[in-house]
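Here are some friendly notes to read alongside the coordinates.

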Amino acid sequence: MKQLNAIFEGLGSAILLTTRAFATLPSAPRIIKRVVEQVFYGGYGSLPIISILSFFIGAVLALQSGISLQNFGAKQLIGTLVGESLVRELGPVMVAILLAGRVGSATTAELASMKVYQEVDALVTMNIPPERFLVLPRLLAVLLYMPVLTIIAIVIGWLGGAVICNYVTFIGVEPAQYFQSMKQFLTTHKMVDGLVKSEIFGFCVILIACNTGLRTRGGPREIGHAVTRAVVFALITILVLDYFITKAQA
Amino acid sequence: MNHSQMTARVGLFFIIGLALIWVTFEALHNGRFEKRKGYTVVAPFSTLKELKPGDDVRLAGVKVGSVETTRLAEGRAEAVLLINQGIKIPLDSTGVISMAGLIGTNYVSFDIGHPSAGTVPEGGTVRTKDAADLNTIMSDLGSLGKDFKNALGQIGGALGNGPDGQPGLFQKLDRLVSENSGKISTTLGNLEDITTKIKSGEGTIGKLVNDPSAYNELNATLAEIRGAATEAKTFVANAQGIVDQVKSGKGTIGALVYDEEAGNNIKIVSKNLRDLSEKLNNPNSSFGQLITSDSLVRDAQSTLRKVDRAVDGMSDQGPITAVGVVANALF
């Protein structure tokens, strides 16, 4: 009962945090510098790891598909399988999980530290709403860089699959054929679905991270607990939301 | 890292992202960023199968546009086709929904048509026909397989044991062979003898097969038979002509057969001949007596002898008579 109450409390505080943050949206021009910083650390900084991860996800996907599909002579569909999987599912989900691990944890740790060491209280004392100064730049930044990160991840994943198809002997699918089969079934509608999904995931991850950080009470030990809690809750939220969003988009 | 470097990298990050988004949407072809040029035509079908917006439109195999949208209108399914600018679809060109592969996408395929027949105007309706799709073909194949299975079952039933325990064809054949193995062996032996003789040129068939002169003679005989047949044919044709003439009443026989008056005349003649013969046979009549009585012959012979003697007497008195006649004339 206590845990259920904690979940509802967290959900309610997240909604309130979002409301308060977006209530300060008219003052957004004053926080552009902070938005750019967040885009740099969250988006640009995540680019290398997301590129490596996406390349190998695409490569493994192509390899597994090739092993399975060659048994019934449908290797020409590897492009379709890799393309659709990355666009609709793996691209948004993997980027969101990486975001939760890399940016979400850092955000929670930073905000929890500020809360524990009363920096947040200092901001309030100085009449600087922490929602405007700490939360809104992160939310705006994630809404800006999440589609970009996702499309980069998707395209690099496609390239990883193409490399595998071209250079792994037993698959032997030409890149032209790989991309042609991908193009046959892939539509912009599916691409937009994937990007919308990634936006929702990114927003939720950062909101959970900010909310968990700002709700931290106690000493330094609580900072670690808060980070763990934020990441776990973000991962669960991503996967649960993924089911419902996919069902809604189907 | 100062703020300007950070801003530059963020800018680069967004430029790369936006470029990738644009390229991806362009590559997927039916992206909203693409400015489309061309005109639309409507293609009605009874079913659009798996046709969807973005699928190709091909004229004689060449891509000339794409499916813009699909809709239901006037109790039929319609595909609105976006045709590239500069491409004209002939009025007599017929479109069908074809499959790019067994599990591939569909596309609308037009045959080349004749440009002289005119072209479909913008917003016009193109000619279409429904082609059998894979499901229909598979359904037909399923029925065919069922029929084939039934036929095989019937053949199997005929060959194997019947449901009532009656022996099948093979068993009957086996019994027939086993019961008549002696006769079959004898027949085969005879056949072997015959073929040996034929091979060595013995007998008529052997000579015919092995001796070229026998073959030539047979050919000559056949030629003669053929000639005789030709002559017989000519004879039959002539006879047919005669029969035709007879049927048409021409000639004596024709008149006899078909002329009623001639028939009556013949009857009269026949009747007269019968009367004559009756009279001839009657011993009381003069002719009957002439024919049947010997006394009349003897009387005739006697009379003739008397006449002969009288003639001889007259020849002796001839000159005296002549003088008397002359004297009478003069005096």
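1. A cavity here is a set of points, on a 1 Å grid over the protein atoms alone, where a 1.4 Å probe fits but cannot get out. By this rule there are two cavities of 30 Å³ or more. This is a predicted model, in which local features need pLDDT of at least 70, side-chain atom pairs count only at pLDDT 80 or more, and totals for chains, interfaces and linings use all residues. Residues are numbered from 1 along each chain as its sequence is written.

2. Among the residues lining it are A:Gly104, A:Val205 and A:Ala234. Helix 4, helix 8 and helix 9 (220-249) of chain A each supply at least two residues of that lining.

3. On to the interface: 26 residues of chain A are in contact (heavy atoms within 4.5 Å) with 22 residues of chain B. A:Phe40, A:Tyr44 and A:Thr188 supply 24% of the area that chain A buries against chain B (accessible area, 1.4 Å probe, lost on being put together), more than any other three residues.

4. Across this interface, the rule finds zero salt bridges (a side-chain nitrogen of Lys or Arg within 4 Å of a carboxyl oxygen of Asp or Glu).

Definitions and conventions
Chains are lettered from A and ligands numbered from 1 in the order in which they are written. Side-chain values use heavy atoms; hydrogens and water are left out. Buried area is the accessible area (1.4 Å probe) that two parts lose on being put together, summed over both. On a 1 Å grid over the protein atoms alone, a cavity is a set of points where a 1.4 Å probe fits but cannot get out, and a pocket is an open set with protein on both sides within 12 Å along at least five of seven lines; lining residues have an atom within 4 Å of a point. Grid points are joined across faces, edges and corners, and a volume is the space filled by probe spheres set on the points. Helices (H or I, at least four residues) and strands (E, at least two) are DSSP runs, numbered from the N terminus.
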